[in-house]
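Thank you all for coming; please have the sequence and the model open while I talk.

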Amino acid sequence: MSLDTATVRRVAALARLRLEEQDIARVQGELNGILGWIEQLQAVNTDGVAPMAGGTPGGAAAMPMRGDVVTDGGKAEAVLANAPDREGEYFGVPKVVE
Amino acid sequence: MHATDFTLGGALAALNEGAISAEELTRAHVAAVEALNPKLNAFITTTSEQALEAARASDARRKRGEAGPLEGIPLAIKDLFCTEGVRTTAGSTILGNFIPPYESTVTAQLKRDGAVFLGKANLDEFAMGSSNLTSAYGGVLNPWQRKDDPDARLVPGGSSGGSAAAVAARIALGATGTDTGGSIRQPAAFCGITGIKPTYGRCSRFGIVAFASSLDQAGPFARTVEDCAILLRSMAGHDPKDSTSANQPVPNFAAACARSVKGLRIGVPREYRLDGMPAEIEKLWRQGLDWLRDAGAETVDISLPHTKYALPTYYIVAPAEASSNLARYDGVRFGLRVAEKDSDLGDLYERTRAEGFGAEVRRRIMIGTYVLSAGYYDAYYLKAQKIRALIAGDFDAAWAKVDAIVTPATPSAAFAEGENTDDPVQMYLNDVFTVTANLAGLPGLALPTGLDHQGLPLGLQVIGRAFDEETVFAVGAALERTADFKAVPAMRAGA
């Protein structure tokens, strides 16, 4: 499966990555190189194999539950300390509603 | 003897006996960092003042009889671990000014046990790479040199390249790393030191900048197997802040280093004998197996039939998870923001991420976004998860016959900057022997057991059952005792 330029543009948009027109051919070549190499996986018979989701040996069944309670919070200053722009206790962004 | 030549265990003994103070030990390492880091670039941020202050506090604790298990030991911390109040970049421009308001669990535990932090070690950007060359803060020089070409700039491996180079050059007694596909074991092998990726879930991932959450695991670097064991005991343990952290007791790993390997069954997977593998690697491997047989272990030929699919599987799973994890870098809540005067929110996101991420990170986000996108999920991501289950199943079957598996750590010795960089896939092949342990969630240790014809270190890898790091340490320590690896890099403190 090889990506055309329209798909490369669409994927960049989905990934929220600005892609300059002059870089599209290079990116397309790199992605197709990697995807071409990955293609060999289609040859593996995986009928009836349960997918392994997560890295926990023994599977996700080993994952614990915890109570649905607030354990942390009230740290607005710490949360905002690294914000590039803020208005009071809010993150600042360009106007989104006219 | 120079204070930077101690093993970690040796330094702890010297501190206990009062032969050296934590302040003296730290001062020696701080001086070594100042002398060598301008060439090595192993640290992105040094914290010398804080380190000396912490060392004095450590001496005071020791005097009061409150010494912790790592009391006064100076360490390098991979710049992927959030450290409260100390800049944490993940090797990326996008986090160039990020000062975490909290501490990662692993570094908090190291501090709790008395360790002193020398600074934040360089790494491939977001831990994506096998050379440290994708760091936005420049590459790291491997302190080893080729006999025939001492001027070649060799890479330390990656992604934990700064951590490995710092320990090899003796400017840190030990270091933290993370390993998603080989990022502890490959740089350990390239730099002639020891490193272990423990079982998935052994160390908390809380406060470690996420790359691929189902594969990432923290682990230590040091110059001996026992030193890694000492560090891992402090790093490991259950943490309610990471739901994948295992609620398992943390054994005394260092004690396991003294265990005999007599009667252990050591697996030799035939699929790891690659076409075109250098004869030196083949010889190193055979030699290691001979040593283990001499020590009373039995070697058993085994098959891990899906091995050849591990790397392409990894290059679906890891980018997919990375594309999700890295969605948080939006130029709004923390990190870099890039916008034009008339940028709307979408344009702000796109410009911030295009400028803030380097080429390899952007490439992996694109691959990950594509394989997760509507219509392709089953063909790529779901398929990869099924093959991952087959790879894990290969190991499960092997454990019926063997107690540990021994393989080469890397397919070559350290390469030079500029080599392996034309084709991303060529670079990915560096992790061919290490990536299977990440996919299966198993512990893997790399240690140096020989030199190649250029005088560069070569390493072996020991893989164990889930949560059986003790057997891994026992086998690693047995190899270490026989290998008696005494070679040192050209560039090192005290040289």
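Let me begin with a question: are B:Phe190 and B:Phe415 buried or exposed? In this predicted model, B:Phe190 is buried, and B:Phe415 is buried as well. Over all chains the structure holds 18 aromatic pairs. In the pair made by B:Phe190 and B:Phe415, the ring centres are 5.7 Å apart and the planes stand at 90 degrees, so this pair is edge-to-face. It links distant parts of the chain, since B:Phe190 sits in helix α6 (residues 185-191) of chain B, while B:Phe415 belongs to the loop between β9 (404-408) and α14 (424-428) of chain B, 225 residues apart.

Another edge-to-face aromatic pair is formed by B:Tyr314 and B:Tyr315, with 4.9 Å from centre to centre and 80 degrees between the planes. Both B:Tyr314 and B:Tyr315 are buried. Ring pairs also join B:Phe98, B:Phe126, B:Tyr329, B:Phe334 and B:Phe357 into a cluster.

One member of that cluster, B:Phe334, brings us to chain A, because A:Ala83 touches it: leaving aside neighbours within four places in sequence, A:Ala83 is in contact with A:Phe91, B:Val332, B:Arg333 and B:Phe334. A:Ala83 is placed in the loop between α3 (76-80) and β1 (86-87) of chain A. Why does A:Ala83 count as buried? Its relative accessibility is 17%, and buried means under 20%. Within its own chain, the C-alpha atom of A:Ala83 is separated by 36 Å from that of A:Gly29, and these two residues are 54 apart along the chain.

Now to helix α2 of chain B, residues 22-40, which bends by about 35 degrees at B:Glu34, with a proline, B:Pro38, following within four residues. Its buried residues include B:Ala22, B:Leu25, B:His29, B:Val33, B:Leu36 and B:Leu40. What do the buried residues of α2(B) pack against? They pack against α1 (8-17), β1 (43-46), α3 (48-63), β2 (74-78) and β3 (116-121) of chain B. After α2(B) comes B:Asn41, whose phi is positive, near 55 degrees.

Let me turn to the open spaces. The largest pocket holds about 1,000 Å³ of space. It is lined by 32 residues, and the closest to its centre are A:Asp72, B:Pro101, B:Tyr102, B:Phe206 and B:Gly207. By class, that lining divides into 15 nonpolar, 7 polar and 10 charged residues. The second largest pocket has a volume of about 470 Å³, and among its 22 lining residues, B:Arg170, B:Arg223, B:Thr224, B:Phe485 and B:Lys486 lie nearest the centre. The elements giving two or more residues to this second lining are β10 (444-451) and α16 (469-483) of chain B.

The largest cavity has about 40 Å³ of space, and its lining brings back B:Tyr314 and B:Tyr315, along with others including B:Phe211, B:Arg364 and B:Asp431. That lining has 4 nonpolar, 4 polar and 2 charged residues. The second largest cavity has about 30 Å³ of space, and among the residues lining it are B:Arg202, B:His238, B:Gln248 and B:Phe467.

Terms used
Residues numbered from 1 in each chain as written. Chains lettered and ligands numbered in written order. Predicted model: local features only at pLDDT ≥ 70, side-chain atom pairs only at ≥ 80, totals over all residues. Heavy atoms only, no water. Bend = angle between axes of the 7 residues up to and from the residue. Buried < 20%, exposed > 50% of the residue type's maximum accessible area, 1.4 Å probe, protein only. Contact = heavy atoms within 4.5 Å. Phe/Tyr/Trp six-rings, centres within 6.5 Å; stacked < 30°, edge-to-face > 60°. 1 Å grid on protein atoms, 1.4 Å probe; cavity = no way out; pocket = protein on both sides within 12 Å on 5 of 7 lines; lining within 4 Å. Points joined across faces, edges and corners; volume = space filled by probe spheres on them. Nonpolar A, V, L, I, M, F, W, Y, C, P; charged D, E, K, R; others polar.
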